[in-house]
Amino acid sequence: MTAKTPPTPLKILIVDDDPEDSRLWDRILKDRFRNQVDVETCTDGEEAMQRIDSRLGLLLLDWRMPGLDGREIAQKIREKGFESKKIIILSGGRSEDLHEQFPMGDCLAVIQKGDPRQREILLDIVTDLLGR
């Protein structure tokens, strides 16, 4: 009998200038999905640009950051061929503002950081990505 090779974990990069928010999302994802995800974090847009590649399964981007912000990062990587369906925008802002700034097709989803229902939506999205 041959042992099954475990599936490759979904590679997720969290980009947020607030280290506490990054650690929170990191913990939430690792607690829920354990060895099904490989989560990395960074707090700088320029560093993120160096770490984003085709192996990345999901990118969580804070909208507003000093320097290169989430909107600029998303635009630059889409121009290089990174799929918008792998980008989720995070923000503490109002959902109306998020949807105005990131219309349908610009990214997979926009998530309000402080809303527990939005957190569950993010977890549902990751669950769906893992099922593919």
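K113 lies in the loop that runs between β5 (109–112) and α5 (116–131). This is a predicted model. In it, K113 counts as buried because its relative accessibility is 14%, under the 20% cut-off.

**K113 and its surroundings**

- The side chain of K113 makes a polar contact of 2.7 Å with the side chain of D16.
- A polar contact of 3.3 Å links the side chain of K113 to that of D62.
- Leaving out residues up to four places away in sequence, K113 touches D16, D21, W25, D62, L90, S91, G92 and R119.

**Helix α3**

- Helix α3 spans residues 70–79, and G70, I73, A74 and I77 are buried in it. Seen down the helix axis, the buried residues of α3 fall within an arc of 100 degrees, so they line one face of the helix.
- An α-helix has 3.6 residues a turn, so residues three or four places apart point the same way.
- The buried residues of α3 pack against β1 (10–15), α2 (45–51), β3 (58–62) and β4 (87–91).
- At the start of α3, a side-chain oxygen of D69 comes to within 3.2 Å of the backbone nitrogen of R71.
- Just after α3, G81 has a positive phi of about 100 degrees.

**Nonpolar cores**

- The largest nonpolar core has 22 residues, and V15, I52, L59, I73, I87 and I89 touch the most other members. At least two residues of this core come from each of β1, α2, β3, α3 and β4. Helix α3 gives the largest share, three residues.
- A second, separate core holds 20 residues, including A109, I111, L123 and L129.

**Cysteines**

- A search of the whole structure finds zero disulfides. C42 is in no disulfide, and the nearest cysteine sulfur to its own, that of C107, is 18 Å away. C107 is likewise in no disulfide, with the sulfur of C42 as the nearest cysteine sulfur at 18 Å.
- A disulfide is a covalent bond between the sulfur atoms of two cysteines.
- C42 counts as buried because its relative accessible area is 4%, under the 20% cut-off.

Technical notes:
Residues are numbered from 1 along each chain as its sequence is written. This is a predicted model: local features need pLDDT of at least 70, side-chain atom pairs count only at pLDDT 80 or more; totals for chains, interfaces and linings use all residues. Side-chain values use heavy atoms; hydrogens and water are left out. Helices (H or I, at least four residues) and strands (E, at least two) are DSSP runs, numbered from the N terminus. Buried means under 20% relative accessible area, exposed over 50%, partly exposed in between (1.4 Å probe, protein chains only). A polar contact is a pair of N or O atoms within 3.5 Å; within protein, one must be able to donate a hydrogen and the other to accept it, and residues adjacent in sequence count only if both atoms are side-chain atoms. Contact means heavy atoms within 4.5 Å. A disulfide is a pair of cysteine sulfur atoms within 2.5 Å. The arc is that of the directions from the helix axis to the C-beta atoms. A nonpolar core is a set of buried Ala, Val, Leu, Ile, Met, Phe, Trp, Tyr and Cys residues joined through side-chain atoms within 4.5 Å.
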